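I opened this entry to keep a record of what I looked up in the structure, element by element. My notes follow in the order in which I looked.

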Amino acid sequence: MKHILVIDDASTVRLYHRNILEKAGYSIDEAINGIEALEKALVKSYDLYIVDVNMPKLDGYGFLKEFRRLEDVVQAPAIMVTTEAGANDRTLGYAAGANLYMTKPTKPNELLSYVRLLLGEVAE
Amino acid sequence: MSSIIISESDFLKFKEYFYRKTGMLFEDSKRYFVDKRLIERIEATESDNFRSYFNTLRFEASGDELQQLVNAMTVNETYFFREEYQFKCLVNSMLDEITRHKKDNSPIRIWSVPSASGEEPYSIAIYLLEHWAGIDKWDIEIVSSDIDTKIVAQAKRGHYSTRSVQNLPKPILAKYFIPQAGGYQICEDLRQAVEFSRVNIMEPLDVRNFRDIDVIFCRNLLIYFDNASRRQAAEMFFDSMKAGGFVCLGHSESMSRISSLFRVRKFPDAIVYQKPLEAL
Amino acid sequence: MAFIKKQTSQVINEDERKIPRDFDGLCLELNHEDSKVRRWAVRDLAQLPNASSILVTRLEHEENASVRTAILNALAKLGDTIAMNGLVKCLRSEDAALRNEAIEILKELPYEVAPIIEGLLIDADSDVRIFAVNILESLRHQHVEQWLIQVIEKDPHVNVCSTALDLLSEVGTELAVPAIKQLKARFPDEPYICFSAELALQRIEDGSR
């Protein structure tokens, strides 16, 4: 079973993503901001990260930058999910270490197809 | 017999709110534990039901009720070798890094706050003597402080109940404690190993005396503070520390609810927080 | 080698303070190359009146995270109009970390924020409107629910509405029910809105029993 960490400060968003992904057979953990996400990522190897940008204490960019530089973790793909949609924001996202970028509100099918793609579950 | 009921929906609302504020997450298995204490607080605040209590909680200016709630939901006993995994981390990992980066022979400074009745700083001293190879090579300064002068005086006296020492291996108890009426007295050498003082960490003038700290143990204190005070405390700690120094929080606490000034570090025994070595 | 004790009363070496800690001296230190010096200058300035303006100016150039945090905390402490405007300005920053830190702080200033929040809720920039709703999360004000209802009734932007809807899940009462149902009808093709609206309605219904 694949493990996904959903990182977002809004509990409803985390619940929404959890429901979609659990139904599709993934195991989900949650974090409320980048610091909590790092704490969890240091303890457990996730197969995928779903990362919001705007979070208190440590935002999505901050989390990814730190996560990508850690030596004692297993690197995994990350989907950045956020309200911003501009080209600049996407560039920042990729520069921080995101593999894909989605804008909110997400749609279940789109999210699932990106997740499967990054987890190597779909032949493209 | 209380007529107040906590519905599933109430529990979820409360669970999310409490998790957001404190980082403590209650699983469904903890329903009985949580419901009981929630009902106690609802009654204590003379609220009619969960909803009106929840409103009070969310919108109260002082944050007093949240503090009461945190008190009710956490187990507060202090005793020797409490949360021992952090002392293990100190001797197995943190001190190694600190000594590796040290540029001189200045003492290694460890700050334990709050001291409460002294179990924590004395535990640190014992652990270092028993488990740290470097104890013969480096000078260590253990400082410990609390806002309450009575408790500081009690810590200095070093007298403890049987309950307080019950986690200690028998050889340790025999080596460092003297049995006395009603409990145990910590030996004079250890009493002399810790410097106690009265400090309010919210008071800048009090904290300015603490400089070049290498490790801070601040366990189960900040969880009772409001957001602004937590941030301020974190800043105070940051300023009091050497670059590369470590902070240990209580096992159910996290910097994720406090401050982004520190880096998260994982060691085999514990997750701790580090003041960055390079300038932020 | 082992445990040592030093004197608890450590005299702050007067030599360390080469520049006087008055307003002018501190302003000079605000531009010092050492971030530690800048941070202390900010802390000391926070104790003085009229410091807001210089702190807001410094914030615009400050790149060190710990100094920025100190400035934001100082502005919160000062809480005057200039300080508040400085904090609100951060909401428009390109820097996500700065924005988010400012939001956190504004959440804790209900008295100072209340007079300006209504304006922010109808700001031309949808992101600022989202941040304004974020600030409502901890805002202790009797109109919070009413403001949220107005947002979901009138705001054209789906993410502004969804942020408001999330908060209504927690603080909403029966008063919010018609507006929530209306929002669902307004965004029929957004599964998230549907999900979030259902959740809010369920929570409100449960809460009123």
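I began with α6(C), in what is a predicted model, and found this helix mostly covered, since 9 of its 11 residues are buried. The buried residues that I listed for α6(C) are C:Leu98, C:Arg99, C:Asn100, C:Glu101, C:Ala102, C:Ile103, C:Glu104, C:Ile105 and C:Leu106. I then asked what the buried residues of α6(C) pack against, and I noted α4, α5 (81–90), α7 (110–121) and α8 (126–136) of chain C.

From there I turned to the contact between chains C and A, to which chain C brings 17 residues and chain A brings 16 residues. On the chain C side, the elements that give two or more residues are α6 (96–106), α10 (158–171) and α12 (191–207). Of these I marked α12(C), which gives the most to that side, with 6 residues. Sorting the residues of the chain C side by type, I recorded 9 nonpolar, 5 polar and 3 charged.

The average pLDDT of chain C is 89, and 92% of its residues score at least 70. For the complex, the predictor gives an ipTM of 0.93 and a pTM of 0.91.

Next I went to the strands of chain B. An open sheet of 3 strands runs in the order β3-β5-β4, with antiparallel pairing. I asked myself why one side of β3 (159–160) and of β4 (177–180) of chain B is left without a neighbour in the sheet; both strands stand at the edges, each with a single partner strand, so that side has nothing beside it in the sheet. I followed the pairing of β4(B) with strand β5 (residues 183–186) of chain B, which is antiparallel over 4 bridges, and there I found B:Ile178 opposite B:Gln185 in β5(B).

Elsewhere in chain B, strand β7 (residues 213–218) pairs with strand β8 (residues 241–249) in the parallel sense over 5 bridges, and B:Ile216 stands opposite B:Val247 in β8(B). Tracing the chain from β7(B) to β8(B), I passed through helix α11 (residues 227–240) of chain B and recorded this β-α-β crossover as right-handed. β8(B) also pairs with strand β10 (residues 271–274) of chain B, here in the antiparallel sense over 2 bridges, and the bridge partner of B:Phe246 in β10(B) is B:Gln274.

B:Ile216 came up again when I looked at the nonpolar cores. The largest has 166 residues, and B:Ile216 and B:Val247 are listed among those with the most contacts inside it, as are A:Val51, B:Ala125, B:Val272, C:Ile152 and C:Ala164. Helix α4 (residues 65–78) of chain C gives the most to this core, with 8 residues. Leaving out residues up to four places away in sequence, I noted that B:Ile216 touches B:Trp111, B:Val113, B:Phe237, B:Met241 and B:Val247.

B:Asp226 lies in the loop between β7 and α11 of chain B and counts as partly exposed because it has 15 C-beta neighbours inside 10 Å. Its C-alpha is 8.9 Å from that of B:Asp64, although B:Asp226 and B:Asp64 are 162 residues apart in sequence.

B:Leu190, in helix α9 (residues 188–191) of chain B, is buried, with 20 other C-beta atoms within 10 Å. Beyond residues up to four places away in sequence, B:Leu190 touches B:Tyr122, B:Ala125, B:Ile126 and B:Tyr176. From B:Leu190 to B:Arg51 I noted 139 residues in sequence and 51 Å in space, C-alpha to C-alpha.

B:Ser197, found in strand β6 (residues 194–198) of chain B, is partly exposed, with 18 other C-beta atoms within 10 Å. B:Ser197 and B:Val152 are 45 residues apart in sequence, and their C-alpha atoms are 6.7 Å apart in space.

Note on methods
Residues are numbered from 1 along each chain as its sequence is written. Chains are lettered from A and ligands numbered from 1 in the order in which they are written. This is a predicted model: local features need pLDDT of at least 70, side-chain atom pairs count only at pLDDT 80 or more; totals for chains, interfaces and linings use all residues. Two residues are in contact if their C-beta atoms, placed from the backbone, lie within 7 Å. Ala, Val, Leu, Ile, Met, Phe, Trp, Tyr, Cys and Pro count as nonpolar, Asp, Glu, Lys and Arg as charged, and the others, Gly among them, as polar. Two strands pair if DSSP finds at least two bridges between them. A crossover is right-handed if, with the strands pointing away from the viewer, the path from the first strand over the helix to the second runs clockwise. A residue is buried if 20 or more other C-beta atoms lie within 10 Å of its own, exposed if 12 or fewer, and partly exposed in between; C-beta atoms are placed from the backbone. A nonpolar core is a set of buried Ala, Val, Leu, Ile, Met, Phe, Trp, Tyr and Cys residues joined through C-beta atoms within 7 Å. pLDDT is the predictor's confidence in each residue, from 0 to 100.
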